[in-house]
Amino acid sequence: MAELVIEREILIEAPVEVVWRTITEPDQMALWFADRVELTVEPGARGFMYFGDQGGPVVVVSVEAPTRFSFRWNHPLEEDPVVGNSMFVEFTLSAEGDERTRLRVTERDHELRDWPDTEKQRYAEDHRGGWSTHLARLATLLEGQS
Amino acid sequence: MTLTEEELVSAVAEPSRRRVLDLLIRNGEASAWSLADHVPFSRQAVSKHLVVLEGAGLVRRRKQRREVLYQVQPERLHQATRAMADLAAQWDRRLDAIKRLAEAAHAEAKPRATKEST
C-alpha cells in the first residue's frame, strides 16, 4: 500500500510477555496512550479512549498474543471504522533473547480518498523511500526554488 | 493534532496527490492540462487533486487569460511536514512510555537475588 505510513520502533529490556501486557491491558494503556481506556482486548471489540473530557472510539482488529495487536481509531462516533475514516495502528513484538523485545508500531490510512489498488501499487514503487523522505525532498526542492 | 493539521496531512497523504504537488514544485506554476501530461492519470483526476490541495491551502490558483494556473504555497507545505513530524514524535513518546513501564514491571517481577547479583 502506498498511503502514508508512520513506522517507529524501540528496543525494550523486558521479556515479550511483559511488553505485551503493557500495550494491551487497558489499565496500562491509560498510562501511555489515553487518560482512560475502556476496551476489551479481543478482535472486533469496540471501546473508547478518553483524552481529558474528550475522546474517541477504538475497534480492535487483531490480537495475537504476544506478537501482534492492532486496532482502528479516530473514526466518527456513529460510523464503523473503515479505510478512509479511521487510522490503523499495529504493534508487532519480537523477542530478542529472553529479556529483550523489539517493539514496532505502524500507523496508516491517513488518506481520505480511495484509489484503485493497481495505482496504489505503482505509487508504492515510486515512494519506496517513504513518506517523510518524500516530503523532505519536496521541502528541499522548495527551498532551492525560493 | 488540530483539525486543520489533520486536513493538511490527509491532503498530502494520498500518493498521486503528492505527485501532483511534486510536479507543481518543479514547474513553478502550471495548469491542470499541463500537469496531466506528466502523470499517468486523467486531467479530471488531476483537477480533483488540485481541488483537495487548494482546500487544504497547499496550492493557490489564479486566472490568466483563459487558463487557470496553480502554484504551491510553501508555508502550508512546511506546516504539513511539521504536522507529520509531530505525529511521528507522538508515537516516539508513546513507545518511550511503554519502554519505561515494561522495564519497571520487569525489574519488579525479577527475583531479588538476580537483581542484586547484576
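Mentor: The largest nonpolar core has 25 residues, and the members with the most contacts inside it are Val12(B), Leu21(B), Leu24(B), Leu53(B) and Leu58(B). Six elements of chain B give two or more residues to this core: α1 (3–13), α2 (15–27), α3 (32–36), α4, β3 (67–72) and α5 (74–109). The model is predicted: local features need pLDDT of at least 70, side-chain atom pairs count only at pLDDT 80 or more, and totals for chains, interfaces and linings use all residues. Residues are numbered from 1 along each chain as its sequence is written, while chains are lettered from A and ligands numbered from 1 in the order in which they are written.

Trainee: What is a nonpolar core?

Mentor: A nonpolar core is a set of buried Ala, Val, Leu, Ile, Met, Phe, Trp, Tyr and Cys residues joined through C-beta atoms within 7 Å. Buried means that 20 or more other C-beta atoms lie within 10 Å of the residue's own; exposed means 12 or fewer, partly exposed is in between, and C-beta atoms are placed from the backbone.

Trainee: Which element gives the largest share of this core?

Mentor: α1(B) does, with five residues. A second, separate core has 24 residues, including Val16(A), Val19(A), Val105(A) and Leu101(B).

Trainee: Which residues is Leu58(B) in contact with?

Mentor: Two residues are in contact if their C-beta atoms, placed from the backbone, lie within 7 Å. Leaving aside neighbours within four places in sequence, the partners of Leu58(B) include Val12(B), Leu21(B), Leu53(B), Val72(B) and Leu77(B).

Trainee: How is α4(B) read as a helix?

Mentor: Helices (H or I, at least four residues) and strands (E, at least two) are DSSP runs, numbered from the N terminus. The expected span of a helix is 1.5 Å times one less than its number of residues. Helix α4(B), residues 43–55, has 13 residues and reaches 18 Å from its first C-alpha to its last, close to the 18 Å expected.

Trainee: Which residues of α4(B) are buried, and which are exposed?

Mentor: Val46(B), His49(B), Leu50(B) and Leu53(B) are buried. They cover an arc (of the directions from the helix axis to the C-beta atoms) of only 105 degrees, so they lie on the same side of α4(B). Gln44(B) and Gly55(B) are exposed on the other side.

Trainee: Where in chain B is confidence lowest, and where highest?

Mentor: pLDDT is the predictor's confidence in each residue, from 0 to 100. In chain B the lowest mean, 52, is in helix α6 (residues 112–117), and the highest, 94, in strand β2 (residues 59–64).
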